[in-house]
Amino acid sequence: MATNALDQTRRMLSLVTYLRERPGARVADVARAFGITEEQLIADLDVLPLCGTSFRGGDLLDIDTDGDRIWWHNPDDVAAPLRIAADEATALLVAARAVATLPGLRESDRQALLRATAKLEAAAGEAAGASSRLSVTFESEGGVFAEVDRAISERRRLWLRYYSPARDELTEREVDPIRLFAVGHTYMEAWCRHSEARRTFRLDRVAEIRLLDERADPPPVELRDLSEGLVQPSAEDPEVVVEVGPGGRWVAEYYPHDSAEELPEGGLRITLRTPDPASLRRLALRLGRDGRIVSPPELAESARRAAREALAGYGE
């Protein structure tokens with residue numbers, strides 16, 4: 001079942017109330033009550049202990065599970081009347097006002113947030129005045145996130161201009177969004193109408209996005225288990241070793257890898273696996289003097305040959 005960030009937030013808020021009233025609830029019963037898989041429930045339970053009534057790390061939700069039952073060890077502590085300091089009130093007000101300005105936020109959510117902000121301002125007193133002198137500017141990913149979230153909620157198609165690092169180019173696509181998720185970065189999983197296949201798009205690589213009037217209608221797909229990471233190379237995939245200088249350290253961010261060892265003078269020795277090693281020739285050409293393929297030898301030679309041919313073309 002596809003979900004989005006706001007739906008997950010609502011579910012987790014409801015989950016807190018549900019668990020408080022049902023100590024020792026069974027995982028299977030709770031998952032069934034919320035209409036989610038047990039794996040999704042466990043993922044929510046992994047996040048809840050990071051939440052609580054203090055920004056300083058105290059009074060967090062002490063919730064855990066043995067895989068069969070769910071135990072909340074401090075419900076009475078967390079249920080005590082909330083007292084927040086001036087700096088906490090300021091941070092909450094600044095964040096709330098910033099989120100309320102996000103494009104694509106559903107109007108009902110915006111109004112609920114504004115009502116909550118007004119109540120917090122009344123309770124904060126002088127801190128509310130201090131917060132009004134601060135503002136937050138979101139990076140472009142925030143606007144992209146809001147548009148994708150809105151498209152999922154309204155079941156509408158999206159048009160993208162998307163940067164593909166593998167091809168080092170911007171492409172235009174129409175996609176039917178399926179879900180948002182975060183694995184290090186924030187991603188959208190969608191059905192790409194250009195390739196007629198499921199694709200994953202990293203939000204900070206979306207150069208431009210537009211909500212279309214066409215109804216999104218992705219074919220039924222089984223959602224992948226991302227608990228082990230976004231890209232899960234097979235142990236049987238060939239191993240490739242790439243050495244890069246300081247100017248090529250970005251490779252470790254853009255390419256999933258097994259290891260990245262520091263080299264003298266700020267370089268990296270990156271070991272990765274891929275079912276198609278030949279696809280890394282383009283990477284070697286992009287790196288130029290900032291890196292080289294070390295192994296396997298035949299791939300290294302192929303990259304050098306491609307570089308020589310490219311240079312010969314410029315000579316002609």
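Does Asp44 count as buried or exposed, and at what relative accessibility? Let's start there. At 0% relative accessibility, Asp44 counts as buried, where buried means under 20% relative accessible area, exposed means over 50% and partly exposed lies in between, with a 1.4 Å probe and protein chains only.

A few words on how to read the values. The model is predicted, so local features need pLDDT of at least 70 and side-chain atom pairs count only at pLDDT 80 or more, while totals for chains, interfaces and linings use all residues. Residues are numbered from 1 along each chain as its sequence is written, and side-chain values use heavy atoms, with hydrogens and water left out.

Now the overall picture. The chain has 11 helices and 12 strands; helices (H or I, at least four residues) and strands (E, at least two) are DSSP runs, numbered from the N terminus. Of the 316 residues in the chain, 37% are buried. Contact here means heavy atoms within 4.5 Å. Taking contacts between residues at least 6 apart in sequence, 58% join residues at least 24 apart.

Let's walk to the helices α2 and α3. Helix α2 spans residues 27–34 and helix α3 spans residues 38–47. As a general point, two packed helices are described by the angle between their axes and the distance between the axes. For α2 and α3, the axes come within 9 Å and cross at roughly 100°. That makes α2 roughly perpendicular to α3, a label given to angles of 65 to 115 degrees, whereas angles under 35 degrees count as roughly parallel, over 145 as roughly antiparallel and the rest as oblique. The axes are lines fitted to C-alpha atoms, for helices over the stretch in contact, and angles run from 0 to 180 degrees between N-to-C directions.

Which residues meet where α2 and α3 touch? From α2 come Val27, Ala28, Val30 and Ala31, and from α3 come Glu38, Leu41 and Ile42. By class, this contact has six nonpolar, no polar and one charged residues. In that scheme Ala, Val, Leu, Ile, Met, Phe, Trp, Tyr, Cys and Pro count as nonpolar, Asp, Glu, Lys and Arg as charged, and the others, Gly among them, as polar.

Each of the two helices has a buried side. In α2, Val27, Val30 and Ala31 are buried. They cover an arc of only 100° around the axis, which puts them on the same side of α2; the arc is that of the directions from the helix axis to the C-beta atoms. Ala33 is also found in α2, but at 49% relative accessibility Ala33 counts as partly exposed. Ala33 and Tyr18 are 15 residues apart in sequence and 9.7 Å apart in space, C-alpha to C-alpha. Just after α2, Gly35 takes a positive phi of about 70°.

In α3, the buried residues include Leu41, Asp44 and Leu45. These cover an arc of only 100° around the axis, which puts them on the same side of α3. The face of α3 turned away from its buried side carries the exposed residues Glu39 and Asp46. And what does our opening residue, Asp44, touch? Not counting residues up to four places away in sequence, Asp44 touches Gln8, Arg11, Met12, Leu15 and Ile36.

On to the sheets. Three strands form an open antiparallel sheet in the order β1-β3-β2, with β1 (25–26) and β2 (63–65) as the edge strands, each pairing on one side only. Two strands pair if DSSP finds at least two bridges between them. Two bridges join β1 to strand β3 (residues 69–72), and Ala25 has Ile70 in β3 as its bridge partner.

Another open antiparallel sheet has four strands in the order β10-β11-β9-β12. Its edge strands are β10 (259–262) and β12 (291–295), each pairing on one side only. Neighbouring strands of this sheet are turned by 20° against each other on average, direction ignored.

Strand β9 (residues 239–244) pairs with β12 in the antiparallel sense over four bridges. Within that pairing, Val244 has Gly291 as its bridge partner, and Val241 stands opposite Ser295. β9 also pairs with strand β11 (residues 268–273), again antiparallel, over six bridges, and Val240 stands opposite Leu272 in β11. Five of the six residues of β9 are buried, so this strand is largely enclosed by the rest of the structure.
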